[in-house]
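Grab a pencil and have the viewer open. Below are some exercises, each with a worked solution that goes step by step.

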There are 2 protein chains.
Amino acid sequence: MYKFEIIKEDNFTKARTGLISTSHGRVETPAFMPVATQGTVKSIIPEELQDLGFRMLISNAYHLYLRPGHKEINNLGGLHKFMNWRNSIATDSGGFQVLSLSKKRKVKEDGIIFQSHLDGSEHFFTPKLSIEIQQAVGSDIMMCLDECPPYSTDYSQIEKSLQLTTRWAKMCKEHKSGEQNALFGIVQGGIFESLRKRSCEQLIDIGFDGYSIGGLGIGEEPERTHELIEYSSGLLPANKTRYAMGIGNPLDIIKSVCYGVDLFDCVIPTRNARNGTLFTNNGKLVIKNAQFTNDSNPIDEYCKCYTCKNYSRAYLRHLYISKEILAIRLLTMHNLYFFSDLMTSIRDAIKDGTFTEFKNRFETAEVI
Amino acid sequence: MYKFEIIKEDNFTKARTGLISTSHGRVETPAFMPVATQGTVKSIIPEELQDLGFRMLISNAYHLYLRPGHKEINNLGGLHKFMNWRNSIATDSGGFQVLSLSKKRKVKEDGIIFQSHLDGSEHFFTPKLSIEIQQAVGSDIMMCLDECPPYSTDYSQIEKSLQLTTRWAKMCKEHKSGEQNALFGIVQGGIFESLRKRSCEQLIDIGFDGYSIGGLGIGEEPERTHELIEYSSGLLPANKTRYAMGIGNPLDIIKSVCYGVDLFDCVIPTRNARNGTLFTNNGKLVIKNAQFTNDSNPIDEYCKCYTCKNYSRAYLRHLYISKEILAIRLLTMHNLYFFSDLMTSIRDAIKDGTFTEFKNRFETAEVI
């Protein structure tokens, strides 16, 4: 089952709050999905994610297929049970990962031949297999297999590629069985508006539960990313969920919400934490810097996360410099809290009719 | 302040339960102290350690002196505040670590010259400095600086060494100020009973709050370790806390409790977890083994830890194989629970007058 209701529309932008319902509960939108590539949000347990306010994660068909295997996960009761997460799970189809992680791959009409980045073994990913994997693990929101060409690809190649993505999307819809798992089409078309338009139209023709805007944030300027999200989002049905894949930084998210986007995911909060870079209300903070050696303040004096309530910058810097695992855990908690708090603030501002003020204040601060 | 009361003595062995009181609370003995070398029990937060039942950790003067520095910790309010641990903290003096970790060192009459294992910088560790460090970080139970010669050292060298350790112990006691921090002497003497005896007598002459049995578990056969703990423990005052340093495996702990030992610490539960080796009621389990690929059972069906209540061996194996940080965290939680549960069982058996049965059952099972 999949349902999407719009709860409140902003009067001045295309921003809206909404409610996604899956068989694993409800997700208030706009929502950010932490990334659980290998069946875990790195270093964090599900109870913590729940407490942080997250109700949906995103995992990945490519990774789960290669390790531990979708059939194995299915035999163990599905991904929710396997990773002990009772709320919703979305999955990416694996199209992006096959093309970005695999050393050798060849895109053919009926799928992608590739070598595993883990052991070099050869595999053949088809639209049918991608859906089989996502259904086997019990994804609440599946993605169609797509081809995501590099940023520098020329118009005619992108055109061919998006036609293939459309044909694969149609096959994905045909291979999906039952009503348990929702299916989103992925808009491609590179940096070309005419091709983005064609992709949107073709996917809408097939008809999906929601629409993902893919192939962005892969090298183009941030302003171009924003323009293309605005353009694509404007072409998608207003009553369907819109998901900006791999987006993004807080500012990217706020801009995209303006354009009517409902869902986001990005490795930024978790990966930045592992690199010691923290989001604060006063901009980014690099915890390893010597200036924090004797600093008894928390990362962010206004933050109410577990890490900020209990630990000084000096301690966190010590853990980070000492390569202690606890550093990653505590810093990840902080960054995830920042993103969860950002999404709550966005939803509250839309509900209160103050989203434009919120957005302006955020953009003026220019801290992120 | 430091107080040690004996609560219950076993009728058949020298085992006893007791209660340590420090200015940071009470610790029921026999107790196991998780190791927080760098001011953190690797991957675990203080609230979890508290929930697991631990009331005292052990940290290390050598490590804290080198990084982040004892003066820095003191300026930040002491180690308890720095690492957010409200219960008791013991510290090792650094003698063992200087000799085991530093590449270059020279033992002199008034201390040890050594190069930092972190950056090669040269330092001079004296009894006075060791006490200064331990008082600066706010240790509840400090150790005297000792020389811990390698297992293979001959009688005359060990004899000279223990005399030095005695002279240093006396200086440590002289340099200690106030009543806030307890001080334990460390019994040395290698594998020679006559030297162990002399070390005990000299330390008792000086007089300490408790006595640590050091220089064991460094190469000798386990049976010899047990004999030397029994011998040394028997020479120490019955009304003082006895601490077997770096001990040990569950069986070593149970044997030592028989000989009247009250305190233990060891990296085994945490280090083994990081290596994927888990303690269970049916013996050790190596989580990476292929036999667990599809195993939906918990690590130990009788275990009530968070990890066993929520995750399958298959999932934990997947995390471990995938080098996920969460693997270390979940496996560490399990092993620490096992050790905490073991200590609770030991204390309960002594209180119930069933310690001998408990010990026999444990030894017969021969699973650890």
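**Exercise 1. Where in chain B is the place of B:Pro68?**

Before we start: this is a predicted model, in which local features need pLDDT of at least 70, side-chain atom pairs count only at pLDDT 80 or more, and totals for chains, interfaces and linings use all residues. Residues are numbered from 1 along each chain as its sequence is written, while chains are lettered from A and ligands numbered from 1 in the order in which they are written.

Step 1. Find the elements around B:Pro68: it sits in the loop between α2 (61-66) and α3 (70-75) of chain B. Helices (H or I, at least four residues) and strands (E, at least two) are DSSP runs, numbered from the N terminus.

Step 2. The peptide bond from B:Arg67 is cis, with omega near 10 degrees.

Step 3. For background, most peptide bonds are trans.

**Exercise 2. Find A:Lys323 and B:Lys323, and say whether each is buried or exposed.**

Step 1. A:Lys323 is in the loop between α13 and α14 of chain A. In chain B, B:Lys323 is in the loop between α13 (313-321) and α14 (325-352).

Step 2. Check the backbone. Phi of A:Lys323 is near 55 degrees, a positive value in a residue other than glycine. For B:Lys323, phi is near 55 degrees too. Most residues other than glycine have a negative phi.

Step 3. Count neighbours. A residue is buried if 20 or more other C-beta atoms lie within 10 Å of its own, exposed if 12 or fewer, and partly exposed in between, with C-beta atoms placed from the backbone. A:Lys323 has 9 other C-beta atoms within 10 Å, so it is exposed. B:Lys323 has 9 C-beta neighbours inside 10 Å, so it counts as exposed.

**Exercise 3. Work out how α13(A) and α14(A) pack.**

Step 1. Take the angle: it is about 130 degrees, and the axes are 7 Å apart. Axes are lines fitted to C-alpha atoms, for helices over the stretch in contact, and angles run from 0 to 180 degrees between N-to-C directions.

Step 2. Name the arrangement. Angles under 35 degrees count as roughly parallel, over 145 as roughly antiparallel, 65 to 115 as roughly perpendicular and the rest as oblique. So α13(A) and α14(A) are oblique to each other.

Step 3. The crossing of α13(A) and α14(A) is left-handed (left-handed if the near helix is turned anticlockwise from the far one by less than a right angle, right-handed if clockwise).

Step 4. List the residues that meet. A:Leu316, A:Leu319 and A:Tyr320 in α13(A) touch A:Leu326, A:Ala327, A:Leu330 and A:Leu331 in α14(A). Two residues are in contact if their C-beta atoms, placed from the backbone, lie within 7 Å.

Step 5. Sort them by class: seven nonpolar, no polar and no charged. Ala, Val, Leu, Ile, Met, Phe, Trp, Tyr, Cys and Pro count as nonpolar, Asp, Glu, Lys and Arg as charged, and the others, Gly among them, as polar.

**Exercise 4. Which elements of chain A give two or more residues to the side that touches chain B?**

Step 1. Start with the totals: 29 residues of chain A are in contact with 29 residues of chain B.

Step 2. Name the elements on the chain A side: α3 (70-75), α4 (79-83), α13 (313-321) and α14 (325-352).

Step 3. Sort that side by class, and you get eleven nonpolar, 13 polar and five charged residues.
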